[in-house]
Amino acid sequence: MSDDRMIWNRPWILQRADPYVYRHVDGSYYFTASVPAYDRIVLRRAGTLEELAEAQEVTVWKCHPHGSMSMHIWAPELHFLDGKWYLYFAAGTREDKWKIRPYVLECTGEDPLTAPWKEHGKMQCAAEDSFSFRSFSLDATIFENKGERYYVWAEKVGVGKQISNLYIAQMETPWRLKTVQVLLTTPDYDWERVGFWVNEGPAVIRHGGKIFLTYSASETGAAYCMGMLTAEEDADLLDPLSWKKERWPVLESSPEKGIYGPGHNSFTTDSEGNDIMVYHARTEKDIEGDPLYNPNRHAMLMRLRWGEDGRPVFSFDS
């Protein structure tokens with residue numbers, strides 16, 4: 001990827017929050033994200049990351065007029081599992097817009113941009129799980145390790161403003177969990193508690209025998225930032241003690257760079273196999289009204305570096 005064709009850490013795709021990029025086995029790139037109206041799921045496809053910015057955007061699914069999946073269509077992710085395409089996203093209802101739950105769509109054909117999508121409904125928890133998806137739940141991601149597939153998501157607990165934690169479970173099928181939820185992280189530190197107590201937006205990258213799980217914290221304005229958990233690939237990933245949490249954010253706002261509220265990221269690689277982080281951020285510090293409904297969270301790209309200690313280095317200078 002040539003630097004003269006890519007603007008790093010600057011708006012890449014405008015007004016697309018919660019960006020997710022998937023590079024398929026054929027080398028093609030797919031992009032999806034939350035749109036400002038929160039009323040649909042869109043996909044783009046291109047041969048390179050650069051071309052995604054100008055690629056045609058296709059609406060592949062629209063929200064229902066009422067009932068489940070009728071409002072707040074958030075943070076879609078596109079995955080290719082067991083030879084089929086799936087979309088994972090969160091949605092509320094017009095009758096109760098904060099009744100946010102995770103849902104699953106399955107593509108009925110080979111081309112996710114043109115084939116119809118089948119609704120599997122709400123993500124199903126394990127039979128013995130009495131807790132998962134009973135409350136505000138969103139931002140699911142999926143990764144595989146040692147022959148097992150894992151589902152990581154954010155869910156709120158408590159009373160009042162509630163607390164958003166991250167949970168993990170193994171998957172039985174693309175729409176059902178096999179194990180009960182395990183708590184990965186809760187907002188322990190002051191930088192995770194600005195405005196709201198939030199851990200959300202998980203994303204996974206592996207390197208050197210380790211699994212790095214990034215997440216986002218605090219409210220969606222300038223305080224929004226990224227934390228990280230680390231586990232060994234050979235560890236029991238359902239054991240909370242297998243994960244080490246960073247004491248400080250790994251990425252936060254930079255007034256000097258004009259980047260505010262970086263977070264809700266995903267990972268991909270460029271055409272040469274170099275690791276790239278996709279994230280959203282704002283270019284203004286002050287926001288009028290509710291930050292949730294301000295459209296100016298833009299998708300951006302960062303070249304991911306690896307330190308001598310094998311850990312990822314997140315830098316706006318990359």
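Guide: Happy to. The largest cavity has a volume of about 30 Å³. Here a cavity is a set of points on a 1 Å grid over the protein atoms alone where a 1.4 Å probe fits but cannot get out; points are joined across faces, edges and corners, and the volume is the space filled by probe spheres set on them. This is a predicted model, in which local features need pLDDT of at least 70 and side-chain atom pairs count only at pLDDT 80 or more, while totals for chains, interfaces and linings use all residues. Residues are numbered from 1 along each chain as its sequence is written, and side-chain values use heavy atoms, with hydrogens and water left out.

By this rule there is one cavity of 30 Å³ or more. Its lining (residues with an atom within 4 Å of a point) consists of Ala75, Tyr88, Phe89, Ala90, Pro102, Leu138, Asp139 and Ala140. Strand 6 (84-92) and strand 9 (137-145) each give two or more residues to that lining; strands are DSSP runs of E, at least two residues long, numbered from the N terminus. By class, seven lining residues are nonpolar (Ala, Val, Leu, Ile, Met, Phe, Trp, Tyr, Cys or Pro), none is polar and one is charged (Asp, Glu, Lys or Arg).

An open, antiparallel sheet of four strands runs in the order 5-6-7-8, where pairing takes at least two DSSP bridges. Strand 6 is joined to strand 7 (residues 101-107) by six bridges, and leucine 87 has leucine 105 in strand 7 as its bridge partner.

Conventions:
1 Å grid on protein atoms, 1.4 Å probe; cavity = no way out; pocket = protein on both sides within 12 Å on 5 of 7 lines; lining within 4 Å.
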